[in-house]
Amino acid sequence: MRRFALVATILAGVVLATTPSSTQPRADNSLRVELVDGREAVAGEVLVKLRGPSPARDLIDINRLADAESVRSLGRTGVRRLRSRSRDARALVRLLANHPAVAYAEPNYIVRTFADPTDPLAPQLWGLQGVHATEAWDVSVGSTAHVVAVIDTGIDYTHPDLTGNVWSAPAPFEVTIGGVTITCPAGSHGFNAIALTCDPMDDHNHGTHVAGTIGAAGNGAGVVGVNWITQLMGVKFLNATGSGTIADAINGLDFVMQARQTFSATGGADVRVLSNSWGGRSFSQALRDQIAATADADMLFVAAAGNDGFSNDILPTYPASYTVNNIVAVAATTNTDGRAYFSNYGAASVDLGAPGVDILSTTLGNTYSVSSGTSMATPHVSGAAALVLSRCTLDTPALRSTLLSTVEPIAALASLTATGGRLDVNSAIRSCMAPPGAPTGLTALGKDASVALSWSGVAGATGFVVKRSETSSGPYTSVVTAVTATTFIDTTVVNDRTYYYVVSATNGLGESGDSNEASARPRAPADLVVSALAVPANAGASTTIAASVTTRNQGTGSSTPSTTRFWLSRNTLVDATDVLLAGVQAVATLAPSGTTASVVSLDIPAETAVGLYYVIAKADADNVEAEIVESNNTLARLVSIGPDLIANSLTAPNTAGPGGVIAVSETVKNQGGGAGAGSTTRFYLSANAVLDAADVVLAGGRSVPGLASGATSSGTTMLTIPPATGTGIYYLFAKADADAAVLETQESNNTTLRSLQVGGDLAVTTLTVPLKAGAGTSIGVSDTTTNQGAGPVAASTTRFYLSANPQLDASDRLLAGARSVPALNASSASAGTTMVAIPAEVTTGGYFLIAKADADLGVVETQEGNNVTARSVAIGPDLSVSAMTVPYSITAGSTVSATETVLNQGAGAAGASTTRFYLSSNVTLDASDVVLDASRSVPALAAGATSGGVTQATIPAGTTPGTYYLFVKADGDGAVAESHEGNNVSWRVVQVIAGQ
């Protein structure tokens with residue numbers, strides 16, 4: 001259903017101008033519209049009020065400045081409506097606001113209706129029942145003594161349900177509107193402020209709909225209004241599109257006031273209620289002043305709050321938000337006493353609610369339709385005011401007070417309107433007939449230094465008196481005498497003292513008897529919480545579990561005895577769908593910080609479905625304790641109810657061949673709390689560690705019997721690897737309850753897996769290499785290449801590489817010489833010796849000789865990264881001292897004969913070198929040792945060759961006597977590049993003695 005734009009242009013349907021002010025024609029061409037600061041106003045018009053009697057020259061000056069086309073008086077507050085030939089409204093306001101003779105100048109804003117007709121088949125007349133009009137009709141169905149003016153789009157005064165209740169002028173009369181004298185004939189029904197005629201015929205529907213709610217006749221046909229008998233005056237200032245101007249609204253109100261004054265002697269137009277279902281966001285001082293004039297004339301101004309769903313406290317809607325003491329601002333409610341989603345509200349600016357959704361009423365041409373909006377709520381209040389006046393003699397302040405003080409409180413408006421209630425016309429009309437009856441259902445709840453009271457409302461009551469005693473049955477003393485709600489909190493009490501209360505109802509005619517007595521004992525509040533809760537992780541239907549629970553009082557006062565109860569829930573919140581479990585914790589009185597701990601047996605109902613649940617413990621579950629906080633009483637713990645099958649172990653070979661059969665052992669466990677039915681464990685071969693639809697289901701499965709909670713079933717299954725399975729690393733999955741035959745608490749934890757290599761896998765399992773070799777020589781290398789996989793492999797080639805480290809990479813040298821390896825079955829091997837040539841340009845040093853199986857990548861293997869094995873090899877010469885003889889006792893300053901032999905123990909020829917001698921105080925040859933004046937030239941040595949000789953070495957004369965080490969070092973000058981540089985020295989212990 002489309003919600004009607006019940007607002008002025010600035011609230012709905014605004015077309016924002018790209019310039020500060022622009023003129024746009026309306027679709028119906030009835031108004032020329034101009035946007036002034038984003039709000040719709042009549043183009044080229046302003047409302048001007050002068051500061052007082054002004055000289056003619058001031059008026060001439062104003063007309064000249066404004067380039068005035070016309071100036072007309074407006075209403076009764078001295079306002080003039082000025083229209084300019086050439087200036088727009090925005091410019092006029094700025095120009096005239098600064099004139100010394102002008103009190104204010106403002107745009108002639110446009111306002112609109114607050115509703116739109118919808119489905120004519122909606123529920124009928126529920127709004128009248130909602131405001132208790134049916135009960136009020138037992139008192140009165142209305143009167144013709146007073147008139148309700150419908151300030152709107154007019155009234156279809158020919159409608160059969162309205163014609164008998166439409167006001168008719170008792171005689172011809174004159175009104176002067178905007179300086180124009182208009183004669184209204186006898187029998188006319190109101191005013192058209194747009195055309196300045198006395199014919200308020202509706203051409204829109206809105207005003208007729210409003211009029212039907214106020215006063216459709218009780219004629220046994222169609223619908224009926226709040227009043228069956230009344231007088232409805234039509235005042236049309238809104239056009240066929242539901243739009244109108246502030247100026248026309250002021251003129252319409254002025255007509256009402258003049259008509260009433262004209263017939264004051266006979267009461268022929270005693271207008272007491274003004275119904276206004278229209279408005280906008282623009283403040284108009286001129287309109288406010290005119291409404292204030294209606295207050296002075298003893299008229300009640302009922303206004304719609306608006307349909308934006310906003311707070312009028314923050315963003316006012318006019319005229320409802322004007323601070324004039326005769327205004328009643330009305331929100332819209334639903335047939336369930338909720339706030340209509342579109343209705344504006346405001347605790348400081350909206351007075352009460354009334355039915356405003358799907359309201360059936362009269363429309364043009366003898367029809368009926370349904371509308372929604374605060375426009376529909378407003379006539380309920382206007383009609384109620386007229387019905388009250390039919391039996392009660394009240395001035396406007398008293399009438400307004402009666403309507404507001406007799407509302408029926410509803411939760412939806414508690415903080416959204418000034419009264420917190422919805423219109424109750426029955427209570428309002430009865431408030432002026434007799435004293436009210438006594439309230440019933442009084443309850444009292446003791447809290448910390450306060451007592452909260454509540455009672456049932458009483459028809460006809462405009463207020464309540466709360467009385468208190470410290471003795472049962474009184475005598476009572478009044479605590480408060482003007483409560484308008486049906487609740488009250490007494491804060492003038494002392495803790496730990498018992499108080500007794502009664503309540504009486506009042507209205508202008510007297511006071512009722514007392515209600516029932518209710519007592520309460522205020523005290524420092526407790527705050528009961530479940531501070532600890534433990535339950536098993538698993539349970540089954542029809543089983544009993546033990547819940548360990550601790551209830552604690554974390555409040556500042558002692559608690560009364562209470563009960564902690566338990567629920568089974570799908571979530572952590574207790575609600576009506578949860579299951580209350582048998583078993584409770586009885587909690588005795590607890591001092592502040594006191595606790596009660598218990599183990600409570602809880603029976604899980606037999607009908608509980610398998611799944612994840614929460615056991616919720618709730619302290620003070622029966623709500624016997626008034627607590628500091630009422631929302632912290634629960635604590636929840638997760639429990640799985642039902643079976644849960646898992647494959648918790650799996651044993652399988654590491655390797656397999658395509659078409660091969662392997663034995664797989666697995667164990668299925670029911671780790672849930674309930675018994676599980678029989679199931680089937682199945683096995684899958686997957687290329688990754690995720691089991692999905694792409695994986696291969698292996699032939700064969702294992703039947704698992706029904707398992708009690710905690711029980712296991714183990715078995716071995718023979719599985720065949722599909723012959724077409726490619727070589728590679730796979731994952732073997734075992735899945736418990738693979739056919740989903742068992743409903744489990746968890747369905748995603750049924751699998752376990754192991755890696756499985758399918759196919760062949762070549763590796764060099766043995767490698768024998770000479771310890772040394774020479775550049776340009778060939779060596780024999782023996783290797784064993786093994787297929788350590790479970791499937792056969794094709795023929796391959798094992799090659800050899802020379803590397804500076806044991807890792808084979810792109811920088812290593814491929815050696816001449818390779819070995820052909822035949823096709824190998826699973827676990828078979830091929831051994832052989834290959835002559836490998838060491839390149840002549842290889843420099844002397846330590847190397848690794850690496851053998852790589854399937855070096856040409858001709859075989860697809862389960863693993864491609866385990867094909868190499870390395871062994872170290874020294875290439876080039878290696879000089880060492882193979883023998884050394886020196887005397888043990890040596891005299892300082894003497895010369896000794898040192899005999900030594902230099903061996904080339906490497907596999908390559910060594911160039912000529914020099915052997916040198918050193919005297920050291922320790923077994924480490926370093927830079928601190930003495931280089932002796934002795935050396936021996938060693939010729940070039942082929943691999944394995946030696947050179948021996950005797951060298952005369954002089955011990956320095958100043959050598960301190962003692963034990964020393966005489967070192968000899970082959971290639972002492974480092975002239976020869978060797979495969980090992982750290983094995984060139986030998987030493988003998990000598991004793992140096994003092995010289996003679």
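I began with Glu841, which is exposed at 52% relative accessible area. My cut-offs, with a 1.4 Å probe and protein chains only: buried is under 20% relative accessible area, exposed is over 50%, and partly exposed is in between. This is a predicted model, where local features need pLDDT of at least 70, side-chain atom pairs count only at pLDDT 80 or more, and totals for chains, interfaces and linings use all residues. Residues are numbered from 1 along each chain as its sequence is written, and side-chain values use heavy atoms, with hydrogens and water left out.

**Entry: salt bridges**

I looked up the partner of Glu841 and found a salt bridge with Arg813, the closest N and O atoms being 3.0 Å apart. For a salt bridge I required a side-chain nitrogen of Lys or Arg within 4 Å of a carboxyl oxygen of Asp or Glu. Glu841 sits in the loop between β53 (829-837) and β54 (845-852) while Arg813 is in strand β52 (residues 813-821), so the pair ties together parts 28 residues apart in sequence. Strands here are DSSP runs (E, at least two residues), numbered from the N terminus. Arg813 is partly exposed, at 37%.

How many salt bridges does the structure hold? I got 28.

Next I checked Asp337 and Arg422, whose side chains meet in a salt bridge at 3.1 Å, N to O. Here Asp337 is in the loop between β17 (327-333) and β18 (352-355), and Arg422 is in strand β22 (residues 421-422), 85 residues apart. Asp337 is partly exposed at 26%, whereas Arg422 is buried at 3%.

Then came Arg916 and Asp973, with their closest N and O atoms 2.6 Å apart in a salt bridge. Arg916 belongs to strand β59 (residues 913-920) and Asp973 to the loop between β62 (962-969) and β63 (985-993), 57 residues apart. Both count as partly exposed, Arg916 at 25% and Asp973 at 45%. I also noted one network, in which salt bridges that share partners join Glu45, Arg81, Arg83 and Asp248.

**Entry: backbone**

A reminder to myself: most residues other than glycine have a negative phi, and most peptide bonds are trans.

The bond from Tyr318 to Pro319 is cis, with omega near 15°. The bond from Gly474 to Pro475 is cis too, with omega near 5°, and Pro475 is in the loop between β25 (463-469) and β26 (477-483).

Is Asp854 buried or exposed? Asp854 is buried, at 1% relative accessibility, and has a positive phi of about 45°. Asn623 also has a positive phi, of about 55°, but Asn623 is exposed, at 54%.

Key: Helices (H or I, at least four residues) and strands (E, at least two) are DSSP runs, numbered from the N terminus.
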